[in-house]
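Please look over the sequence and the model shown here. A short report on them follows.

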Amino acid sequence: MSKYLLKLYVTGQTPRSYRAIENLRRLCEEELRGQYEMHVIDVLERPQLAEDEKILATPTVVKELPAPIRRIIGDLSDAEKVLLGLDLQPYAPISDDSSGKEESVDLA
Amino acid sequence: MTWHNQRSAVAKLPTEVPGFDLISYGGLPEGRSTLLSGTSGSAKTVFACQFLAEGIRRRDEAGVFVTFEESPQAIRKNMEGFNWDISRWEQDSKWAFVDVSPHPGQETIISGSYDLSALLVRIENAVKKTGARRMSLDSLGGVFAQLGESNLVRNELFRIVSALKEMRVTSIITAERTEEYARCRATALRNS
């Protein structure tokens, strides 16, 4: 069962789009293996979806689940910001102790 | 002097806003973008709406309203007082909103490079859906408020304005300035 629902909006098959997809997928595999669902939506093909979701810039990730809804704009090259923005916490320490966050990723 | 003397310069689109076409020598430059700047509360949004409303009422020209600040719900409600039934025009595909108003309570974080292609696609989609000849973008400051005042955002806005020309729509872009007779933030666009 997936706990995280992430929608990644991109515009066209550009290097920037691929970079964002790759960065998000890598991050999810490292942090959320087996508990996330990731959908990639091309605004060129689905302009109405972009309208409904009020997408201004691309790439944009919308974290729909778990609450609260969060958005991250950009090719997601700054992994720390992505973790922060998506509230992604490492799987292991499920406690109110958030110290696990610091050592969570080393993506460079 | 009458506005006929000016016709050779730039073709004008009559706005049908009462009085405005007279003082502007025939309306707004057709197929181009016009910057409308004013202080807070100077009725920029009302004029941007009226430009579309009169197009629909008097010339059967559809319009697209790109809102960066107020929500479509708020605009529909606020314009009821002028007897502009925006909801009905939306049902008739005469008016379309492109809603770029902020998401209340949704934090946005920026990580890496991006562009505003999605906005451009949405605008093109709305123009295609309605066959719009008129457009209002209200207001530029709302974009900077959401994404910060970077060169990237300025360049992207410049790209969008250029694309409007190719869509052959006549547009009004509003920008707030902090005091009367002061430079407005959007003048920076020209330097990009």
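## Strand 7 of chain B

In strand 8 (residues 170-176) of chain B, T170(B) is the bridge partner of R134(B). Strand 7 (residues 134-138) of chain B and strand 8 of chain B pair in the parallel sense over four bridges. Two strands pair if DSSP finds at least two bridges between them. Helices (H or I, at least four residues) and strands (E, at least two) are DSSP runs, numbered from the N terminus.

Strand 4 (residues 63-67) of chain B also pairs with strand 7 of chain B, in the parallel sense over five bridges. Here F65(B) has S136(B) as its bridge partner. Five of the five residues of strand 7 of chain B are buried. One side holds R134(B), S136(B) and D138(B), the other M135(B) and L137(B). A residue is buried if 20 or more other C-beta atoms lie within 10 Å of its own, exposed if 12 or fewer, and partly exposed in between, with C-beta atoms placed from the backbone.

## Basis of the model

This is a predicted model: local features need pLDDT of at least 70, side-chain atom pairs count only at pLDDT 80 or more, and totals for chains, interfaces and linings use all residues. Residues are numbered from 1 along each chain as its sequence is written, while chains are lettered from A and ligands numbered from 1 in the order in which they are written.

## Chain B overall

Chain B has seven helices and eight strands. Of its 192 residues, 39% count as buried.

## Where the chains meet

Strand 4 (70-73) of chain A pairs with strand 6 (residues 108-110) of chain B in the parallel sense, over three bridges. I73(A) stands opposite I110(B).
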